[in-house]
Amino acid sequence: MAGADRCLFCRIASGEIPAKKVYEDKDVFAFHDINPQAPTHVLVIPRRHIPSLDDLSLSDAATVGTTLVKVAQIARDLHLNSDGYRVVANHGDAAGQTVFHIHFHLLGGRNFGWPPG
Ligand code: 5GP
Ligand code: ZN
């Protein structure tokens with residue numbers, strides 16, 4: 001698992017590695033997924049390095065809560081809210097987590113089946 005210094009998403013949020021930015025503020029960074037799974041596929045991350053959902057404790061509540069509120073704000077800004085959208089957070093091998101910096105996938109622009117694959 002990459003430490004914060006070598007973490008891909010920390011490096012994207014700092015501008016060291018380029019990405020198609022959607023939104024940023026002091027707490028949160030959002031950018032288009034390099035391999036989109038829907039017409040709109042944005043990754044929303046806290047700037048603070050937290051590897052995964054399994055690492056969360058109550059002291060992270062403000063960070064994660066703020067990030068999720070920004071997901072909803074970005075969805076409105078992209079006009080995804082009227083048709084609907086899906087938010088996904090993968091943890092671990094069974095869910096296919098590949099980047100160990102906590103992130104929310106914001107997916108929109110098509111219909112999504114349930115249960116998910
Ligand atoms: P996970 O599988 O961990 O839930 O999601 C990681 C996501 O990061 C994947 O959807 C993958 O396409 C995306 N991703 C991986 N590397 C890069 C990259 O270098 N740039 C961008 N923009 N997205 C990436
Ligand atoms: Zn990181």
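Which residue in strand 2 is the bridge partner of Lys21? Phe31 is that partner.

This is a predicted model, in which local features need pLDDT of at least 70, side-chain atom pairs count only at pLDDT 80 or more, and totals for chains, interfaces and linings use all residues. Residues are numbered from 1 along each chain as its sequence is written, chains are lettered from A and ligands numbered from 1 in the order in which they are written, and side-chain values use heavy atoms, with hydrogens and water left out.

## Strands

Helices (H or I, at least four residues) and strands (E, at least two) are DSSP runs, numbered from the N terminus. Two strands pair if DSSP finds at least two bridges between them.

Strand 1 (21-24) and strand 2 (residues 28-32) run antiparallel, joined by 3 bridges. They form a hairpin with 3 residues between them. Strand 2 also runs antiparallel to strand 3, through 5 bridges. There, Phe29 stands opposite Ile45 of strand 3. Strand 3 pairs in turn with strand 5 (residues 104-108), again antiparallel, over 5 bridges. Gly108 in strand 5 is the bridge partner of Thr40.

Why is strand 3 described as largely enclosed by the rest of the structure? Strand 3 (residues 40-46) has 7 of its 7 residues buried, so the rest of the structure largely encloses it. Buried means under 20% relative accessible area, exposed over 50%, and partly exposed in between (1.4 Å probe, protein chains only). The side chains split by direction. Thr40, Val42, Val44 and Pro46 point one way, while His41, Leu43 and Ile45 point the other way. Residues on both sides are buried.

His32 lies in strand 2. Its relative accessible area is 32%, so His32 is partly exposed. Contact means heavy atoms within 4.5 Å. Not counting residues up to four places away in sequence, His32 touches Lys20, Val22, His41 and Val42. Ile45 is 13 residues from His32 along the chain, and their C-alpha atoms are separated by 11 Å.

## Aromatic pairs

A pair of aromatic rings is described by the distance of the centres and the angle of the planes. Rings of Phe, Tyr and Trp (its six-membered ring) pair if their centres lie within 6.5 Å; planes under 30 degrees apart count as stacked, over 60 as edge-to-face and the rest as tilted. The structure holds 2 aromatic pairs.

| Pair | Centre to centre | Angle between planes | Class |
|---|---|---|---|
| Phe9 and Phe31 | 5.2 Å | 80 degrees | edge-to-face |
| Phe29 and Phe31 | 5.9 Å | 45 degrees | tilted |

The pair of Phe9 and Phe31 links distant parts of the chain. Phe9 sits in helix 1 (residues 8-13) and Phe31 in strand 2, 22 residues apart. Phe9 counts as buried because its relative accessibility is 5%. Phe31 is buried too, at 3%. Phe29 is likewise buried. Phe9, Phe29 and Phe31 form one aromatic cluster.

## Helix 2

Helix 2 (residues 61-77) has 17 residues and should span 24 Å at 1.5 Å a residue. The expected span is 1.5 Å times one less than the number of residues. The end C-alpha atoms of helix 2 are 24 Å apart, which agrees.

Which residues of helix 2 are buried? They are Val64, Thr67, Lys70, Val71, Ile74 and Ala75. These residues cover an arc of only 140 degrees around the axis, so they lie on the same side of helix 2. The arc is that of the directions from the helix axis to the C-beta atoms. On the other side, Ala62 and Val69 are exposed.

The buried residues of helix 2 pack against strand 1, strand 2, strand 3, strand 4 (85-88) and strand 5. Lys70 belongs to helix 2. Lys70 counts as buried because its relative accessibility is 17%. Not counting residues up to four places away in sequence, Lys70 touches Tyr23, Asp25 and Val28. Just after helix 2, His79 takes a positive phi of about 60 degrees.

## Cysteines

A disulfide is a pair of cysteine sulfur atoms within 2.5 Å. By this rule the count is 0 disulfides. Cys7 counts as buried because its relative accessibility is 2%. Cys10, at 15%, also counts as buried.
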